[in-house]
Number of protein chains: 2
Amino acid sequence: MSEKLEQLKERLGEVADLGRAASILGWDQQVNMPPGGSEARGQQLATLSKTAQEKFITDEVGQLLEDLKQEYDSADTDEAALVRVAARDYGKARRVPPAFIAEQALVTSKAFEAWREARSKSDFSIFQPHLEKVVELVQKYISFFPPADHPYDTLLDNYEPGMKTADVKAIFDELRPKQVKLIKAIASSKQVKDDFLFKKYNEKKLNDFGVEVITRFGYDWNRGRQDKAPHPFETTFSVNDVRITTRYEEDNPLAMVFSTMHEAGHAMYEQGVNPAYDRTPISGGTSLAVHESQSRLWENLVGRSLPFWEHFYLVFKKLFPSQLDGVSLKSFYKGINKVQPSLIRVNADEATYNLHVMLRLELEIGMVEGKIAVKDLPELWNTKMQEYLGITPPDDARGVLQDIHWSTGAIGYFSTYALGNLVSVQLWEKINKDIRDLEEQIRKGDFSELLGWLRKNIHQHGQKYEPQKLVEMVTGSKISPKPYVRYLTKKYSEIYGL
Amino acid sequence: MSEKLEQLKERLGEVADLGRAASILGWDQQVNMPPGGSEARGQQLATLSKTAQEKFITDEVGQLLEDLKQEYDSADTDEAALVRVAARDYGKARRVPPAFIAEQALVTSKAFEAWREARSKSDFSIFQPHLEKVVELVQKYISFFPPADHPYDTLLDNYEPGMKTADVKAIFDELRPKQVKLIKAIASSKQVKDDFLFKKYNEKKLNDFGVEVITRFGYDWNRGRQDKAPHPFETTFSVNDVRITTRYEEDNPLAMVFSTMHEAGHAMYEQGVNPAYDRTPISGGTSLAVHESQSRLWENLVGRSLPFWEHFYLVFKKLFPSQLDGVSLKSFYKGINKVQPSLIRVNADEATYNLHVMLRLELEIGMVEGKIAVKDLPELWNTKMQEYLGITPPDDARGVLQDIHWSTGAIGYFSTYALGNLVSVQLWEKINKDIRDLEEQIRKGDFSELLGWLRKNIHQHGQKYEPQKLVEMVTGSKISPKPYVRYLTKKYSEIYGL
């Protein structure tokens with residue numbers, strides 16, 4: 001390795017360490033921190049991101065990158081990828097003043113606390129002034145960059161490198177009518193029963209079942225742990241310390257099981273990245289959509305499939321004999337796949353989920369364009385919920401306040417959830433070609449070949465390839481809605497006898 | 001406030017944030033981290049301390065301090081104290097070359113591993129070459145500083161600012177014969193029974209009892225939490241997030257209760273510092289001895305007192321009826337105060353504890369002076385144990401290898417444990433003059449006036465005053481062994497009928 005590359009890696013390793021330290025502080029904030037700790041924690045996080053930024057955007061790093069870009073121009077090597085991703089991030093980071101980063105960290109840490117209180121009291125007015133500041137900061141952020149085709153492109157690119165607002169719109173425009181049509185067909189057919197899912201389920205037993213499932217999936221507990229938090233999430237402190245959180249919801253107890261599979265899907269991606277990439281800019285997943293493809297694959301394509309429950313239902317029913325008394329495997333399978341327009345995105349079924357995302361994307365674009373005022377969000381939210389899903393939230397806690405994202409400044413993020421759904425099925429079609437007896441393996445509770453395939457084709461590469469390129473390399477096609485529509489149509493035609 | 005002071009506080013605030021971030025990572029390492037995480041965590045911690053150091057020892061900070069030292073020369077204000085402490089730390093930090101810090105980190109991390117192995121195999125020869133390097137580094141460290149009255153002064157000053165080796169020796173020389181005499185008198189009197197303390201005690205019930213006690217003491221759970229860890233410790237993330245850990249020991253179950261009181265004593269000190277000092281160099285306790293005076297006050301002067309158990313024994317006995325069957329309050333009180341020369345410092349009783357410390361101090365001074373060779377330590381240790389406590393360790397694991405300190409380079413630390421004991425009783429005498437019915441309050445389980453006194457006289461000041469000055473301000477005397485000897489003599493005369 002060239003001496004300059006060695007120097008670059010040393011500098012970037014320190015930047016990575018500071019970023020990971022911030023992740024640890026963020027995890028602690030959600031999982032452990034006593035209420036009194038929040039103000040100081042905001043300052044600590046602000047200092048960490050400011051310091052990481054300072055260490056990254058030095059002229060020295062810029063010069064190293066300039067020299068190395070020529071040396072590692074177009075080769076398909078790890079080193080070339082490292083230099084390319086570092087140069088991309090450096091170019092972005094140099095545009096954003098350190099003072100802005102510190103301000104953003106401070107504002108969002110307060111906004112997060114306000115959101116938590118607002119949601120618990122279902123009072124948007126508590127969150128509103130904080131969200132207004134967040135939106136102002138986001139607009140200011142965009143102003144640091146050269147004009148793009150659409151101002152929202154600048155945000156989207158941070159979560160989904162290379163993706164344009166117009167691409168997403170085109171994909172969603174193709175997808176929306178097909179999903180709406182499918183939902184209507186389902187609505188006018190015979191409904192499935194799922195009342196047994198909403199009985200009282202013991203939290204500890206559900207938790208233990210979730211732990212057993214993800215252990216079988218291949219989540220490595222020697223390099224991770226699971227804790228309770230207000231919101232389920234995955235977070236990475238190194239390739240060898242990848243943690244997940246879970247929660248119990250009184251009124252939707254089984255969500256605990258599915259969200260555990262979901263977060264484990266994210267975590268196994270991170271655990272599977274080439275360890276040599278740790279502390280470099282190509283560590284971790286390549287984009288949020290590809291990340292979400294992994295979580296959704298385990299949660300939905302595996303976890304809500306019939307073969308999966310053919311294996312696990314007996315165990316599960318033994319844990320909850322009274323709740324599932326008289327409920328056959330088929331009825332259970334149909335119940336957990338019931339299509340029902342609902343209020344909460346994270347609990348939405350596969351047929352309606354993407355519509356929740358489209359709603360948020362439109363609101364975000366409106367806010368970024370300055371056409372939607374924060375104070376009007378609750379009403380707009382409710383109007384669109386009625387338009388897309390035919391229901392209206394009874395309060396803001398179950399409406400505009402349900403998601404954590406905006407409170408953390410993560411505007412530009414949501415569409416990746418829907419894109420992830422699409423990618424998960426694109427991969428699934430390919431996997432089923434490569435592993436002909438996959439269904440049979442799942443029916444036996446054996447996930448090792450599946451995880452091996454994902455490790456080899458997706459996980460190990462980290463950020464070596466941009467998301468669209470990776471998806472194309474592996475599936476032969478860029479991100480496309482067609483496989484997802486095929487999948488939904490087949491699955492729900494069987495369940496609902498369409 | 002002057003603009004320069006504002007600038008200084010901003011710089012030092014960031015340094016403090018990085019230090020606190022390191023504390024959070026350290027806490028997580030002990031409390032939560034999965035095994036796989038350790039290598040990356042080491043790198044993250046190294047980067048945090050390197051970065052904090054870089055931010056601290058800049059010429060800019062040096063110039064600010066130079067200018068401000070004149071402006072805030074001798075006034076007894078918070079600002080003057082801040083400048084004084086910052087200048088002191090800056091002066092020290094600038095003398096130590098970064099290359100030395102890196103070497104020290106490397107040597108001590110290897111020495112720590114070697115110590116762990118040596119202790120588990122009870123084989124000093126494994127540790128010896130590493131400790132020799134540690135001692136060499138410590139001597140080199142001293143050489144960066146101007147000659148002091150005694151080379152050991154330079155080390156001691158890092159743990160107990162302003163304290164001289166000669167002061168500590170004088171105090172210990174006065175204390176030693178009196179403690180030895182007392183122990184001999186106890187040894188030749190009728191022994192107390194304590195077999196009931198070593199039965200099986202339920203961990204959860206012990207833990208809950210400890211939690212109840214420290215809640216009564218006034219530990220603020222809104223600004224702290226308690227977790228399990230391999231070793232009990234207190235750690236501060238801000239004045240509003242001060243955490244403690246506890247552990248259960250099979251062969252010494254009640255240690256859980258007393259160590260919980262001990263750590264809560266440290267934590268209440270940190271929770272009581274003037275919040276305006278947070279993120280400045282005068283935050284936190286003023287020295288290790290004063291810190292230890294707080295933990296020992298709650299653990300021993302309160303927690304091992306008769307009035308305390310007059311209040312709590314009924315509750316405690318209800319939790320453990322079979323273990324304490326037929327054990328009267330008086331017998332219990334005598335049992336938890338049994339004097340018994342023993343091998344392990346951390347388990348030593350109040351009458352013998354300081355002798356363990358004196359032994360270590362003498363060996364450390366000898367090593368620093370070059371008069372004691374590392375290879376001779378085991379024999380010297382055992383000789384001194386026989387001389388001071390009348391017992392000889394059967395192996396080095398229970399002798400010279402028992403403490404972690406030397407392996408981490410922490411030479412100069414031990415004497416603060418004994419000094420803390422002395423200060424705790426100096427304060428106790430003063431408190432009992434100021435709160436005439438303190439015993440009666442404790443008998444009622446009311447600690448509010450006691451905590452209020454400590455807050456006002458000790459806690460709030462943080463590092464505003466150097467330890468000797470603070471102790472003198474509050475008690476009218478510098479650190480002195482007399483009150484401790486009075487206390488020991490009175491307590492044990494009653495218990496042992498001397």
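**Exercise 1. Classify Asp376(B) by its relative accessibility.**

Asp376(B) has 33% relative accessibility, so it counts as partly exposed. The classes are buried (under 20% relative accessible area), exposed (over 50%) and partly exposed in between, with a 1.4 Å probe and protein chains only. Next, take its partner. Asp376(B) forms a salt bridge with Lys375(B), the closest N and O atoms being 3.3 Å apart. A salt bridge is a side-chain nitrogen of Lys or Arg within 4 Å of a carboxyl oxygen of Asp or Glu. Lys375(B), at 52%, counts as exposed.

This is a predicted model: local features need pLDDT of at least 70, side-chain atom pairs count only at pLDDT 80 or more, and totals for chains, interfaces and linings use all residues. Residues are numbered from 1 along each chain as its sequence is written, chains are lettered from A and ligands numbered from 1 in the order in which they are written, and side-chain values use heavy atoms, without hydrogens and water.

**Exercise 2. Find the parts of chain A that the salt bridge of Lys464(A) and Asp78(A) links.**

Start with the distance. The closest N and O atoms of Lys464(A) and Asp78(A) are 3.0 Å apart. Now place the residues. Lys464(A) sits in the loop between helix 18 (448–457) and helix 19 (467–475) of chain A, and Asp78(A) in helix 4 (residues 78–95), 386 residues apart. Helices are DSSP runs (H or I, at least four residues), numbered from the N terminus. Finally, check burial. Lys464(A) is buried at 12% relative accessibility. Asp78(A) is partly exposed at 26%.

**Exercise 3. Describe how helix 3 of chain B packs.**

List the buried residues: Val61(B), Gly62(B), Leu64(B), Leu65(B) and Leu68(B). The buried residues pack against helix 1 (3–31), helix 2 (38–56) and helix 4 (78–95) of chain B. Contact means heavy atoms within 4.5 Å.

**Exercise 4. Characterise the interface between chain B and chain A.**

Count contacts: 37 residues of chain B touch 37 residues of chain A. The buried area is about 2,800 Å², with 53% from carbon and sulfur atoms. That area is the accessible area (1.4 Å probe) that two parts lose on being put together, summed over both. Then count charges: there are eight salt bridges between the chains. The side chains of Lys50(A) and Glu14(B) meet in a salt bridge at 2.5 Å, N to O.

Note on methods:
Helix = DSSP H or I, 4+ residues; strand = E, 2+ residues; numbered from the N terminus.
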